Amino acid sequence: MLAIAGLVVVALLAWPIGLLAWANGKVQHTSALSGAPNTPGTTYLLTGSDSRADGSVGEDGTEGARTDTILLLHAPTSGPTALISLPRDTFVDIPGHEPSKLNAAFSWGGAPLLVQTVEALTGLTVDHYAEIGMAGVEQIVDAVGGVNLCHDADVHDPDSGMEWAAGCHDVTGVQALAFARMRKSDPTGDVGRAERQRQLIGAVMGKVDPAQLLVRPGQQVALIDAGTGALTVSDGTGIIDMAKLALAFKAANGPDGITGTPPIASIDYRPGNGVGSAVQLDPDASPAFWAAIRDGSLPPGPVGGMPGA
């Protein structure tokens with residue numbers, strides 16, 4: 001009996017240790033961080049790459065890499081954790097280039113230029129960068145058995161593939177991806193898309209029960225395989241850092257967290273120089289907003305949204 005008990009203990013220990021080593025080996029890395037001096041707390045920059053290479057998004061003739069999702073997750077030294085959506089069309093200063101939309105930084109210089117641009121915009125140093133391909137979104141949703149999402153309008157959007165009857169529905173990964181990508185059929189544009197992306201993140205995190213994963217190794221493997229297979233992170237970021245990221249996600253989406261956007265002045269800002277319609281952050285309110293996010297001094301709850309909301 002003692003030998004059997006010993007084998008059980010070894011198995012219970014070897015499973016998470018082996019899983020950790022296996023997961024670490026699957027993660028892809030890239031040189032993304034700027035090396036800027038640290039700021040208080042821990043800051044993560046998260047993007048969803050709409051690369052056509054994985055076949056999840058059809059070719060549309062646009063050149064360069066793009067990202068439909070840009071999220072800043074900040075866990076302060078004390079105070080509420082914040083998950084802030086940065087609209088991809090936000091008009092920003094881009095180091096070494098003319099001012100343009102935030103997404104252009106990713107298109108022109110990939111992760112390193114996007115990190116530098118976000119740091120200049122927010123005053124926060126990015127400690128960890130994570131990028132997931134769109135196919136990875138599908139796989140993660142399917143790995144947790146689908147999610148329940150809500151949208152209060154009928155949608156027929158050929159660009160994203162979103163077909164929706166107003167209300168809440170249980171969806172698969174393909175439908176969840178369309179839900180997160182849809183923009184053109186939403187009168188609130190990037191702001192509405194950001195709200196749906198945060199809803200999807202919250203729905204996925206709500207389906208991940210660590211206690212259940214411990215007794216369901218098959219689901220544990222499927223979830224980690226889906227998450228790491230399409231994931232690229234900054235050099236020096238390992239699976240433990242990603243576990244901390246997941247905990248920060250849960251905190252931000254919980255009752256004591258902060259979710260939303262920076263203060264927005266206009267969603268149809270026309271700066272000229274071929275930029276077209278862009279999102280303009282409020283130049284007066286934004287500096288104090290980012291300082292409060294950094295210091296953890298904002299009260300929990302939703303922030304930002306449509307101008308005047």
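Residues are numbered from 1 along each chain as its sequence is written, and side-chain values use heavy atoms, with hydrogens and water left out. Because the model is predicted, local features need pLDDT of at least 70 and side-chain atom pairs count only at pLDDT 80 or more, whereas totals for chains, interfaces and linings use all residues.

**Confidence and overall fold**

The mean pLDDT (the predictor's confidence in each residue, from 0 to 100) of the protein chain is 83, and 78% of its residues reach 70 or more. Over residues 52-63 the pLDDT stays under 50, and for this segment the model has 17 contacts (heavy atoms within 4.5 Å) beyond four places in sequence. The protein chain has nine helices and 16 strands, these being DSSP runs numbered from the N terminus (helices: H or I, at least four residues; strands: E, at least two). Of its 309 residues, 47% count as buried, where buried means under 20% relative accessible area, exposed over 50%, and partly exposed in between (1.4 Å probe, protein chains only). Among contacts between residues at least 6 apart in sequence, 66% join residues at least 24 apart.

Strand E12 (residues 231-234) takes part in two pairings, a pairing requiring that DSSP finds at least two bridges between the strands. With strand E1 (residues 28-30), E12 pairs in the parallel sense over three bridges, and serine 234 in E12 is the bridge partner of threonine 30. With E7, E12 pairs in the antiparallel sense, also over three bridges, and here valine 233 in E12 stands opposite alanine 130.

**Aspartate 127**

Aspartate 127 sits in the loop between helix H2 (102-122) and strand E7 (128-133). A salt bridge is a side-chain nitrogen of Lys or Arg within 4 Å of a carboxyl oxygen of Asp or Glu. A polar atom of the side chain of aspartate 127 lies 2.8 Å from the backbone nitrogen of threonine 43. Leaving aside residues up to four places away in sequence, aspartate 127 touches Leu33, Asn38, Gly41, Thr42, Thr43 and Ser234.

**Salt bridges**

| Salt bridge | Closest N and O atoms |
|---|---|
| Aspartate 159 and lysine 184 | 3.4 Å |
| Arginine 196 and aspartate 186 | 2.6 Å |
| Aspartate 190 and arginine 193 | 2.8 Å |

Aspartate 159 forms its salt bridge with lysine 184, and the pair links distant parts of the chain, 25 residues apart: aspartate 159 is in the loop between strand E9 (155-157) and strand E10 (162-164), and lysine 184 in the loop between helix H4 (173-181) and helix H5 (189-207). Aspartate 159 is exposed, with a relative accessible area of 51%, and lysine 184 also counts as exposed, at 64%.

Arginine 196 forms a salt bridge with aspartate 186; arginine 196 lies in helix H5 and aspartate 186 in the loop between H4 and H5, so the pair ties together parts that are ten residues apart in sequence. Arginine 196 is buried at 3% relative accessible area, and aspartate 186 counts as buried at 12%.

Aspartate 190 and arginine 193 are three residues apart in helix H5, which means that about one helical turn separates them, and both are buried. Elsewhere, salt bridges that share partners join Arg88, Asp89 and Arg183 into one network.

Conventions: A polar contact is a pair of N or O atoms within 3.5 Å; within protein, one must be able to donate a hydrogen and the other to accept it, and residues adjacent in sequence count only if both atoms are side-chain atoms.
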